[in-house]
Amino acid sequence: LDLSTCQNLVINEKDGLCFFPNRAPSNAALVPLVQPTAQEPPTGAYSRPAWLEGIENHHIQKQNAAEELRIQKELTYTLQRAVEDVIRKQNTKNPCLVSARWVVFIEHIFKYRDNAKISLNVVKEFARKQFGIYSSDEVHRILSLLHDLGLLFYLPTTEILRNTIILKPAWLLESLNKILIFKDAYDKNEHFEGKITGLEGDADMLIERGLASLDLLEHIWGRDDANFLIDAMLEMMYMSPWGFGCEKDIFFIPSFLRENGKSAIDVLTVASEKGKRLMIDFLGTPVPTSLFHRLVCLFVDYSGKIPYSEDPKLSRSAASVWFGNVPIHLWHNKPERDAIYVHIGGSSKKQKGTSLQSCISSIHTMVRKVVEDTNFCRTLSWKLKFEYNVGKSFKFLDLKDAKAMKKENTWFPKTNKSKRVKSGTILLTFDQITDFANLV
């Protein structure tokens, strides 16, 4: 098959030829190539004598060659028409068209699959020398396409991740599972695949509190792979830095948390405290535990960067963190688990606390990052709702209804204009404060 005539094809190891019309692999359409088979002559049919076969042999070869060429052209034409039909039927505004040069380049990349990973510099070198691809941006676009299709792992968000391409995603999963798999009971030597002499305290800290030291991670993953896997877990929000007075590098990994761990919080006690409560409503769709853990990672990371923040109190389905001296509690609702509640407590009078509007904006940004930066955005819809005393009961109102509240609007107090206080901080108007609502 002449690939130069098929501009929209990509080589796929399993299926031969595969067309990728957009960045969603579920929409990819496979076009099988069926080779024509000669029909066997019926029983009793006339067969030419042997002396005649010798005379006609030369003419038959020419005819067979011509027929083979005709069949190849017909298959190519049929395949192109099938591909075009798939494009027309796709409900997408931005189809991903793959050039023929990309086809052979991608095929060459996967020749290195005997190794779990490959350096970006190696890929750029053979892209330039063998395929005439001199643009680094074009190489990044090819690798990003393959990443979106799940054929390899390439996440160029940090220097370490940018310079490494994982050709075997299964290797990445196996490596992460060494630390992410949750067990109710641990045997330290068995879980960490060998003796951990000298790191017993670090192992206990991970098992009991979900805090992993850099030394322990290097022991589990190996020094050569640890930096890459740490960056990958941070980027995918499987863990976060622990910035609460530690002398050495410590990371928080929520998958190790237990429901009733040493630092678990009492949700009922928290819910009765003075403060305000909002709800992240996922509109009836159950929230995966992994989404809640990612959100907690962002809360912990943000809290550790703010002065006066206390150490978080964490469990598997609830967390208490501090934004400065403002306590923030969040938990899953049970048993439906289709919402996450957030309780914003009052700040201490001794120290200036983070403003309510700043807390709301930060919470909204973190929820949006978790949902949109992961695959959850394909299946989850969500709204931020605010608790109000309506009549004799409490109700959660969406932003539009919350803005319409005229009396005792404690979430969004209305002001006529911006004020400038002595510290130089600008107090925004109601409309300015709620600009983020356009993204809800």
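Why is helix 2 (residues 100–109) largely enclosed by the rest of the structure?

## Helix 2

The structure discussed here is a predicted model. Helix 2 is largely enclosed by the rest of the structure because seven of its ten residues are buried. The buried residues of helix 2 are Ala100, Trp102, Val103, Phe105, Ile106, His108 and Ile109.

An α-helix has 3.6 residues a turn, so residues three or four places apart point the same way.

## Helices 9 and 10

Helix 9 covers residues 214–221, and helix 10 covers residues 223–235. The axes of helix 9 and helix 10 come within 8 Å and cross at roughly 115 degrees. Angles of 65 to 115 degrees count as roughly perpendicular, and helix 9 and helix 10 are therefore described as roughly perpendicular to each other. The crossing in which helix 9 passes helix 10 is right-handed.

On the side of helix 9, the contact is made by Leu214, Leu217, Glu218 and Trp221. Helix 10 contributes Arg223, Asp225, Ala226, Leu229, Ile230 and Met233. Seven residues of this contact are nonpolar and three are charged, while no polar residue takes part.

## Ile220 in helix 9

Helix 9 also contains Ile220. Is Ile220 buried or exposed? With a relative accessibility of 11%, Ile220 counts as buried, because buried means under 20% relative accessible area.

Ile220 can also be placed relative to a residue elsewhere in the chain. Ile220 and Ile179 are 41 residues apart along the chain, and their C-alpha atoms are separated by 8.0 Å.

## Two loop residues with positive phi

Which loop holds Met237? Met237 lies between helix 10 and strand 7, the latter spanning residues 240–241. The phi angle of Met237 is near 65 degrees, which is a positive value in a residue other than glycine. The relative accessibility of Met237 is 3%, so this residue counts as buried.

Tyr308 also has a positive phi, near 70 degrees, and is likewise a residue other than glycine. Tyr308 is located in the loop between helix 12 (289–304) and strand 10 (313–314). Is Tyr308 buried or exposed? Tyr308 is exposed, because its relative accessible area is 58% and the exposed class begins over 50%. Thus Met237 is buried, whereas Tyr308 is exposed.

Note on methods: Residues numbered from 1 in each chain as written. Predicted model: local features only at pLDDT ≥ 70, side-chain atom pairs only at ≥ 80, totals over all residues. Heavy atoms only, no water. Buried < 20%, exposed > 50% of the residue type's maximum accessible area, 1.4 Å probe, protein only. Helix = DSSP H or I, 4+ residues; strand = E, 2+ residues; numbered from the N terminus. Axes fitted to C-alpha atoms, helices over the stretch in contact; angles between N-to-C directions. Parallel < 35°, antiparallel > 145°, perpendicular 65-115°, else oblique. Left-handed = near helix turned anticlockwise from the far one by under 90°. Contact = heavy atoms within 4.5 Å. Nonpolar A, V, L, I, M, F, W, Y, C, P; charged D, E, K, R; others polar.
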